[in-house]
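This briefing covers one protein–DNA model. The points below are grouped by topic and can be checked against the coordinates.

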Number of protein chains: 2
Amino acid sequence: MNDDEARERLLAAAGQLFYARGIHAVGMDDIREAAGLPLKRIYQFFPSKDQLAEAYLARRDENWLAALARRVDRCRDPRQRVLAVFAFLGEWFATPDFRGCAFINVFGELGSSPTAAAQITRRHKQRLRRYLAGLANDAGAARPTMLAAQLLMLMDGAVVSAATGVNVRAAADARAAASTLLTAAARAGA
Amino acid sequence: MNDDEARERLLAAAGQLFYARGIHAVGMDDIREAAGLPLKRIYQFFPSKDQLAEAYLARRDENWLAALARRVDRCRDPRQRVLAVFAFLGEWFATPDFRGCAFINVFGELGSSPTAAAQITRRHKQRLRRYLAGLANDAGAARPTMLAAQLLMLMDGAVVSAATGVNVRAAADARAAASTLLTAAARAGA
DNA sequence: CATGCGAGAGAACGAACGTTCTCAGTGCAG
DNA sequence: CTGCACTGAGAACGTTCGTTCTCTCGCATG
């Protein structure tokens, strides 16, 4: 098998397993079986499980943000673009293998250790926050940075509520809150 | 040593370690050392690490909600009582050993397995949501259940933002958002 | 004082798992 | 045809860790 193809299958299989069960609960044998590759080959691509996990997070960071941007780009109106973020969440929550935010999960799993994974989590949330700040600014918010932080909190909170099953209407409720904040944050005369 | 005292020391030591590092990263030997109890005694109280972890979560559920209620009860005005929730968060975030929400962390650590721990997480969030609904109702919200869900999302999101270090002003920003939502949700004529 | 009884300290056991090694099979170069 | 480099499958190794076992010591009791 081609190297590129093998690497792709490896990352796809590892990503699915890591997300579904957490890093620690997935053994290298599980990944080997799912990817259909011998362990030797896996260790040629990534010399340790940790580095495979990092690649998983980096890849998910990229893919997830790209999917969000695609969903937002289906809207033109700046205000609708902000609200589309929560539509995206609602669609995500409804997928059968939804298990919360991979980065929040990994952060909880790795505890306080200042590993690369914790850093990747922070970077992911920072990228998301910057993206939201752009949307907030386009929507005419008086303080786009603060609004972005608030929207980010609503998003993460909605993910937690949905993942734990405490609120089946999490995305809709978060969207309503975002709408209220957007209205209140509208620049005078904008 | 007294049984009650030993049990108390065990739960205190295990709680601190579990919260700081996560369940899986803490070995029974670490707990033994921190509690100053022989393993035999520990296994007399809790026949497995899992059950000790459950006791840790149940205890933390109780203590954390009680601490929140104490903080809220320092205020009389219904609106201020809602906002006191976020003051409580700000004080919590500033404590040196803050490591996010223990329940969210455990949820991420245990993945999708429908264990007792996942159930305890949901129960904790449900209890918190009910408590918030009471506060929201007292504050005259038109739809206290939805407002409580939104406040809960702001709280969880703020915890995530603070724990990951993506926003050092998480509590203040969440409080501002809650204030806006509270104003918008005021019942006409209340 | 003799005697059992429970506690404490730590060794031991067994399983899980990340990582490496072995060995047989295969296609290619000379 | 012969040797060789590589691949794949799985065994093996070493470590970690949850759990249990062993042995010794102190102590209360008759």
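How do the residues of the surface near DNA strand C divide into nonpolar, polar and charged? They divide into six nonpolar, two polar and four charged residues.

**Surfaces near the DNA**

- From chain A, the residues around DNA strand C are A:G27, A:M28, A:L39, A:K40, A:Y43, A:S48 and A:K49.
- From chain B, DNA strand C is surrounded by B:M1, B:P38, B:L39, B:K40 and B:R41.
- Helix 3 of chain A and helix 3 of chain B each supply at least two residues of this surface near DNA strand C.
- Around DNA strand D, chain A places A:M1, A:P38, A:L39, A:K40 and A:R41, while chain B places B:G27, B:M28, B:L39, B:K40, B:Y43, B:S48 and B:K49.
- For DNA strand D, the elements giving two or more residues are helix 3 (39–45) of chain A and helix 3 (39–45) of chain B.
- The surface near DNA strand D has six nonpolar, two polar and four charged residues.

**Chain A: layout and confidence**

- Chain A has nine helices and zero strands, and its pattern along the sequence reads α-α-α-α-α-α-α-α-α.
- Along the principal axes, the C-alpha atoms of chain A fill a box of roughly 65 × 35 × 30 Å.
- The mean pLDDT of chain A is 94, and 96% of its residues reach 70 or more.
- Among the elements of chain A, the highest mean pLDDT, 98, belongs to helix 5 (residues 78–94) of chain A, and the lowest, 92, to helix 6 (residues 102–110) of chain A.
- Where pLDDT is low, predicted coordinates should not be read in detail.

**Contact between chain A and chain B**

- In this contact, 44 residues of chain B meet 44 residues of chain A.
- On the side of chain B that touches chain A, the elements giving two or more residues are helix 1 (3–21), helix 6 (102–110), helix 7, helix 8 (144–164) and helix 9 (170–185) of chain B.
- Helix 8 of chain B gives the largest share of that side, 14 residues.
- By class, the side of chain B that touches chain A divides into 20 nonpolar, 16 polar and eight charged residues.

**Helix 1 and helix 2 of chain A**

- Two packed helices are described by the angle between their axes and the distance between the axes.
- The axes of helix 1 (residues 3–21) of chain A and helix 2 (residues 28–35) of chain A come within 9 Å and cross at roughly 125 degrees.
- These two helices of chain A, helix 1 and helix 2, are therefore oblique to each other, and helix 1 of chain A passes helix 2 of chain A in a right-handed crossing.
- Helix 1 of chain A makes the contact through A:R9, A:L10, A:A13, A:A14 and A:L17, and helix 2 of chain A through A:D30, A:I31, A:A34 and A:A35.
- The contact of helix 1 of chain A with helix 2 of chain A has seven nonpolar, no polar and two charged residues.

**Helix 7 of chain B and its partners**

- With helix 8 of chain B, the axis of helix 7 of chain B comes within 8 Å, at a crossing angle of roughly 125 degrees.
- That angle makes helix 7 of chain B oblique to helix 8 of chain B, and the crossing of the two is right-handed.
- Residues of helix 7 of chain B in this contact include B:L128, B:L132 and B:A136, and those of helix 8 of chain B include B:L147, B:A148 and B:L151.
- The contact of helix 7 of chain B with helix 8 of chain B has ten nonpolar, two polar and two charged residues.
- The axes of helix 5 (residues 78–94) of chain B and helix 7 (residues 116–138) of chain B come within 8 Å and cross at roughly 150 degrees.
- Helix 5 of chain B and helix 7 of chain B are therefore roughly antiparallel, and their crossing is left-handed.
- B:P78, B:R81 and B:V82 of helix 5 of chain B make the contact with B:L135, B:A136 and B:D138 of helix 7 of chain B.
- The contact of helix 5 of chain B with helix 7 of chain B has four nonpolar, no polar and two charged residues.

Notes: Residues are numbered from 1 along each chain as its sequence is written. Chains are lettered from A and ligands numbered from 1 in the order in which they are written. This is a predicted model: local features need pLDDT of at least 70, side-chain atom pairs count only at pLDDT 80 or more; totals for chains, interfaces and linings use all residues. Axes are lines fitted to C-alpha atoms, for helices over the stretch in contact, and angles run from 0 to 180 degrees between N-to-C directions. Helices (H or I, at least four residues) and strands (E, at least two) are DSSP runs, numbered from the N terminus. Angles under 35 degrees count as roughly parallel, over 145 as roughly antiparallel, 65 to 115 as roughly perpendicular and the rest as oblique. A crossing is left-handed if the near helix is turned anticlockwise from the far one by less than a right angle, and right-handed if clockwise. Two residues are in contact if their C-beta atoms, placed from the backbone, lie within 7 Å. Ala, Val, Leu, Ile, Met, Phe, Trp, Tyr, Cys and Pro count as nonpolar, Asp, Glu, Lys and Arg as charged, and the others, Gly among them, as polar. pLDDT is the predictor's confidence in each residue, from 0 to 100. A residue is near a molecule or strand if its C-beta atom, placed from the backbone, lies within 6 Å of it.
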